[in-house]
Amino acid sequence: MNQSSPPRHAVVIGGSLAGLLAAAVLAEHATVTVVDADPLPEGPAPRRGLPQARHTHLLWSGGARAIERILPGITADWTKAGAIRRSLPTDLVTKTAQGWIPRCGEKQFNISCSRDLLDSVVRARVIALSGVSTLQGRVRALEGTAARVTGVLVDTPEEEGRLLTADLVIDASGRGSRARTWLQALGVSGIRQAEVDSGLVYATRIFEAPAGAHEMGFPIVNVQSDPRVPVPGQTATIVPIENGQWQATLSGTRGGQPTGDPDAFIPFARAVRDPIVGELLEGRKPLTDVAVTQGTANRRVYFEKAELPDGFFAVGDSVATFNPLYGQGMTVAAQGLLAVRTLLRAKGLAHPGIGREAQRVIAPQVSTAWELATSQDILYPGATGMKPRTGTGLLNGYVNRLMTGATTDEALTAALFKVLTMSTAPTHWLHPSVVWHVLRASDRGALKAPPLTAAERAVAGLDPVPGRTPGAGTNTGTGTGTATEAATGPAAEQVGPADPVDPLAQAR
Ligand SMILES: Cc1cc2nc3c(=O)[nH]c(=O)nc-3n(C[C@H](O)[C@H](O)[C@H](O)COP(=O)(O)OP(=O)(O)OC[C@H]3O[C@@H](n4cnc5c(N)ncnc54)[C@H](O)[C@@H]3O)c2cc1C
């Protein structure tokens, strides 16, 4: 903090990932009060204000690097606490719309653990920062005028309508944020909002992993849907997390949604485009009920286009939510806050209009994720929202070709993961070196079965040679995973050795 300037105070509404990272960034310039409606637990524990934590949360390398820069050493802290750093696609068995991706050496990585663990490590680091404190309470309004926000009104367990004054207020209150309404009450109008909703429903259950799976580094297993086929999109995923557990998540768009019925969980997983997730879960001991979340629409509030008052900006899910299947939310929040840090270091907290500028520097990351998510989601039957822009079909054709090539050409696998993990902008796909490979893309020689090694199949109790299970691809009757994709034997030879990449080196 600059000792010569008057002491400044910032209030962050919401103490989840975006709020905590905002507090870390602001602590360089002000004392910070993080207000959350929940009492924030000391360790990894569920809480009311974070219901999505019951579901799989993947943090991509693009986000992990951004958080590492805000909180140096956090990756080591996560792994010490039990999180697993996975090499991508080495530690990933995934069937995209275009086919199985070979498990070549590391191109990117992700952090796998429960969301409660991920947050608890960040929380411990942030609340230990000098000048950061937390307050339990629900913010009910912004204080100020249409020209300047000067604080918030909070209902705490002890006092209703407590006024907290602030030089800067950051809204990080998530998907249910009331910031638009609060700003309207101050006289700020014309804040536009857009929504694209595929009707996606998430269902998650945690299982005990088979003995030895954790120790051997059992891969993430994921079967994606194919938005090109006009049937509801259905997916099934297993993410190995801390404590030798498998977090299994199903998803389905309108007309093909999973339910909370525990007896229907494994049959659903067996009936997506490949039955591997269902096969792996068969006979495993469930450790939780099935958690179901609806209302996962892509929603974007265009704060950056409005005449925002001074002293305010919004981050994280309050600004935009994305179809969770793409795993973008935490990364977009982290990258946006890294950009805010650069801005604040250059101009300082007292710079006139700093809130509006912060809102604008966040926007590019939001736009990229929004385009990626909504251009796919709008293709599903019954999806509601804006229609694709002219030219989107051409672009989708190019991306389709790139993804087909990624099933056989390691250079395209690298290009795919670089963008999916938000380690670079999608314009990377138009780089001449990538275009050259896309023009030659082919699926000749692509894997016909999930690339699990013989050792992994043995640990999971599967037959050494992958086979087909009757009933696969029957959820909708039109799934593209078919018996014609005959098993061709274990794909163990496709598995390349890990080639670890230093996350910090990549961030530079
Ligand atoms: C089912 C599902 C799966 C997801 N999977 C992934 C994934 O794999 N990868 C990924 O990157 N992202 C994923 N996301 C998105 C991710 O959960 C969010 O992007 C992430 O939590 C960051 O959000 P946030 O901090 O902005 O808000 P949130 O995490 O929603 O937190 C908002 C906080 O504000 C508090 N709060 C709310 N209102 C008030 C108030 N009035 N006063 C005080 N406090 C308040 C709440 O208690 C809460 O702590 C998923 C989302 C869903 C729904």
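Which residue's side chain meets that of Glu160 in a salt bridge? I took this up first in the predicted model. I found that the partner is Arg140, at 3.7 Å from N to O. The pair links distant parts of the chain, 20 residues apart: Glu160 sits in the loop between strand 10 (149–155) and strand 11 (162–165), and Arg140 in strand 9 (residues 138–144). I noted Glu160 as exposed, at 65% relative accessible area, and Arg140 as partly exposed, at 38%.

I then turned to the other salt bridges, of which the count is 20. Asp38 pairs with Arg47, with 2.9 Å between the closest N and O atoms. Here Asp38 is buried at 9% relative accessibility, and Arg47 is buried at 13%. I also recorded that salt bridges with shared partners join Asp36, Asp38 and Arg47 into one network.

Next I looked up Arg345, whose side chain meets that of Glu28 in a salt bridge of 2.7 Å, N to O. Arg345 belongs to helix 9 and Glu28 to the loop between helix 1 (17–26) and strand 2 (31–36), so the pair ties together parts 317 residues apart in sequence. Glu28 is partly exposed, at 28%.

For helix 9 (residues 329–347) I noted 19 residues and a reach of 27 Å from first C-alpha to last, close to the expected 27 Å. Gly348 follows helix 9 and has a positive phi, near 85°.

Last, I examined the nonpolar cores. The largest has 111 residues, and Trp78 and Leu142 touch the most other members. Apart from that core lies another of 28 residues, including Phe265 and Leu462.

Definitions and conventions. Residues numbered from 1 in each chain as written. Predicted model: local features only at pLDDT ≥ 70, side-chain atom pairs only at ≥ 80, totals over all residues. Heavy atoms only, no water. Helix = DSSP H or I, 4+ residues; strand = E, 2+ residues; numbered from the N terminus. Expected span 1.5 Å × (residues − 1). Core = buried A, V, L, I, M, F, W, Y, C linked by side-chain atoms within 4.5 Å. Buried < 20%, exposed > 50% of the residue type's maximum accessible area, 1.4 Å probe, protein only. Salt bridge = Lys/Arg side-chain N within 4 Å of Asp/Glu carboxyl O.
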